[in-house]
Amino acid sequence: MSTVPALNEDQLETLAIFLEDHAEMSDGLDFFALHGLLTANVVTLEPLSQDQLLQVLFDGHAKWKDAAQQKEIENLIQLLQNEVTELIESGQPFPVPCDLNVEADEDNEAAPLENWAVGFMLLSMVQTDLWYSKDENTVAEVLFPILYASGLHAEDDAFAEIDEDDRLSAQVCEAIPDAVIDLFLHYHSTE
């Protein structure tokens, strides 16, 4: 396994700025949400093609400056997808690319982990029947930390109780790297 990141700092910045600008224009996903979506795309039983990923990522409305920008961004996303695939297939705990907590920052912006988890859960919602087709209870249990971090069901009593206990919240979030690998193995192990 390569230990060299797929994207250098300039490439990461180019991708992050494009996604941030796009998100401000049309409620798209930021870099962390993209990373979560790409992670889920490795975990799932039926990965989306690049075109399908772009549809989900940009909600069908990508706004390219020109063909060169489109080619560059699509290439960076593919490189990042390749890196995420390699990391998951290594079998090591998955290195989520942000701090494992859901504390909002001083501007009350969502935590990067929350955005990452939203991106991950987005694919599970697009493919609900597929994701829960193989032992629904196990999938729900393993997905729980990611679903919690996403804040998508923050009003549910179980999640609200976790939010009130900082130590418990940290424990749930710290389970996410193993949850990613457990889900991948659940779907892809040959029995």
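Author: Phe94, Trp116, Phe120, Trp131 and Tyr187 form one aromatic cluster. The model is a predicted one, in which local features need pLDDT of at least 70 and side-chain atom pairs count only at pLDDT 80 or more, while totals for chains, interfaces and linings use all residues. Residues are numbered from 1 along each chain as its sequence is written, and side-chain values use heavy atoms, with hydrogens and water left out.

Reader: How many aromatic pairs does the structure hold, and what makes two rings a pair?

Author: There are ten aromatic pairs. Rings of Phe, Tyr and Trp (its six-membered ring) pair if their centres lie within 6.5 Å; planes under 30 degrees apart count as stacked, over 60 as edge-to-face and the rest as tilted.

Reader: Why is the pair of Phe58 and Trp64 called edge-to-face?

Author: The ring centres of Phe58 and Trp64 are 5.5 Å apart and their planes stand at 80°, so the pair is edge-to-face.

Reader: Why is the pair of Tyr148 and Phe159 called stacked?

Author: Here the planes of Tyr148 and Phe159 are at 15° and the centres 6.1 Å apart, so this pair is stacked. Tyr148 belongs to helix H7 (residues 136-150) and Phe159 to helix H8 (residues 157-164), so the pair ties together parts that are eleven residues apart in sequence. Helices (H or I, at least four residues) are DSSP runs, numbered from the N terminus.

Reader: Which of these residues are buried or exposed, and what are the cut-offs?

Author: Buried means under 20% relative accessible area, exposed over 50%, and partly exposed in between (1.4 Å probe, protein chains only). Phe58 has 2% relative accessibility and therefore counts as buried, whereas Trp64, at 23%, is partly exposed. Tyr148 is buried with 4%, and Phe159 is buried with 6%.

Reader: Why is Glu109 called partly exposed, and where is Glu109 found?

Author: Its relative accessible area is 48%, so Glu109 is partly exposed. Glu109 is found in the loop between H4 and helix H5 (112-126).

Note on methods: Helix = DSSP H or I, 4+ residues; strand = E, 2+ residues; numbered from the N terminus.
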